[in-house]
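Take a look at the model first.

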Amino acid sequence: MNSKSEAFILWFDEITKEDTPIVGGKSSSLGEMIQKTGVPVPYGFATTAYAYRYFLNKAGLENKIKEILMELKDPNDTKTLQKVGKEIRELIIKAEMPKELAEEIKAAYIELGRKLGEENPFVAIRSSATAEDLPDASFAGQQETFLNISGPEEVVKKVKECYASLFTDRAIFYRTQKGFNHMAVALSAAVQLMVYSKASGVMFT
C-alpha cells in the first residue's frame with residue numbers, strides 16, 4: 001500500500017497537518033511539530049482512519065453499530081444513551097482485530113523499540129478522532145488515552161480500546177447534538193513513547 005490514505009500505519013515524520021483527515025488533529029499536529037519546528041517530540045506512529053474503517057468492515061460491525069444507535073431517539077435520555085454506548089463499546093472490544101492490521105501495529109511497535117534500542121518500550125496510546133468531511137470539528141477530550149503500555153499484544157489491545165472510546169457516552173451525545181453522522185467519524189490511535197518528566201505544564205498563547 002503506497003498511498004497514505006490506504007496505509008494502516010504512518011510514522012510521525014511522514015505526516016503533517018494536511019493529513020488531519022487521515023490521522024486526526026492530534027496525530028497530525030505531532031507530525032507537524034516533528035517535521036516543521038525542531039521541537040523534541042517523543043517519537044511514534046499513528047494508526048489511520050483507513051485502519052479503523054478496515055477493522056469495522058472486517059469485523060462486520062458497521063451495521064450492528066448503526067442498529068444500536070437507532071435506539072437513541074433523544075441524546076438527553078441518559079439511560080438509553082448509557083445503554084447504547086455500553087453496547088457499542090463492548091461490541092468493539094469483543095471483536096477480533098484483523099490479523100494483518102494487528103501484525104502491522106505490532107511490527108511498528110517493535111520497530112519503535114529498535115529505533116530506541118529498547119525492547120518493549122513504554123508508550124502512551126492516544127485517541128485522535130477525525131472526520132473526513134468535517135476537518136474543523138472538535139472532538140478533543142472525548143476519547144481515551146492509555147499510559148505506560150508495554151508489549152506488542154497490549155498495544156493492539158489498547159488501540160482497539162481507543163476505537164471503542166469513539167463511542168463514549170459524551171462522544172455520542174456531542175455528535176448527536178451537533179448533527180454529525182457517527183459513521184463519518186473515524187479514530188486514529190497515536191502510539192507515542194512515554195516521557196518521564198520532572199515537571200509538566202500547559203501554555204496558552
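Q: What makes strand β2 (residues 44-47) covered on both faces?
A: Gly44 and Ala46 are buried on one side, and Phe45 and Thr47 are buried on the other. Buried here means under 20% relative accessible area, with exposed over 50% and partly exposed in between (1.4 Å probe, protein chains only). Strands (E, at least two residues) and helices (H or I, at least four) are DSSP runs, numbered from the N terminus. A word on the source: this is a predicted model, where local features need pLDDT of at least 70, side-chain atom pairs count only at pLDDT 80 or more, and totals for chains, interfaces and linings use all residues. Residues are numbered from 1 along each chain as its sequence is written, and side-chain values use heavy atoms, with hydrogens and water left out.

Q: How do you know that β2 pairs with β1 (residues 9-11)?
A: Two strands pair if DSSP finds at least two bridges between them. Three bridges join β1 to β2, so they count as paired, and they run antiparallel. Trp11 stands opposite Phe45 in β2.

Q: And what joins β2 to β5?
A: Three bridges again, with the strands antiparallel. Ala46 stands opposite Ala190 in β5, and the bridge partner of Phe45 in β5 is Val191.

Q: Which strands of the open sheet are called edge strands, and why?
A: The sheet has five strands in the order β1-β2-β5-β3-β4, with antiparallel pairing. The edge strands are β1 and β4 (145-149), each of which pairs on one side only. From one strand to the next, the twist averages 25°. Helix α2 packs on this sheet, touching β2, β3 (123-131) and β5, and its direction makes about 120° with that of β5. That angle is between N-to-C directions and runs from 0 to 180 degrees, with axes fitted to C-alpha atoms, for helices over the stretch in contact.

Q: Why is Ala186 called buried?
A: Its relative accessible area is 0%, so Ala186 is buried. Ala186 lies in β5. Contact means heavy atoms within 4.5 Å, and Ala186 touches Ala49, Tyr52, Arg53, Ser128, Ala129, Thr130 and Leu166, leaving out residues up to four places away in sequence. Tyr52 is 134 residues from Ala186 along the chain, yet their C-alpha atoms are separated by 6.4 Å.

Q: Why does Ser27 count as buried?
A: Ser27 has 0% relative accessibility, so buried is the label. This serine is in helix α1 (residues 20-36). Residues up to four places away aside, Ser27 touches Ile15, Ala46, Ser128, Ser188 and Ala190.

Q: How do you know that the span of α4 agrees with its 17 residues?
A: The expected span is 1.5 Å times one less than the number of residues. For α4 that should be 24 Å, and its end C-alpha atoms are 24 Å apart, so the two agree.

Q: What makes the buried residues of α4 line one face?
A: Seen down the axis, they fall within an arc of 130°, so they line one face of the helix. The arc is that of the directions from the helix axis to the C-beta atoms. Those residues are Thr80, Leu81, Val84, Gly85, Ile88 and Ile92, and they pack against α2 (49-58), α3, α6 (152-164) and α7. The face turned away carries the exposed Lys79 and Lys94.

Q: Which residues of α7 (residues 169-178) are buried?
A: They are Ala171, Ile172 and Arg175. Their arc is within 100°, so they line one face of α7.
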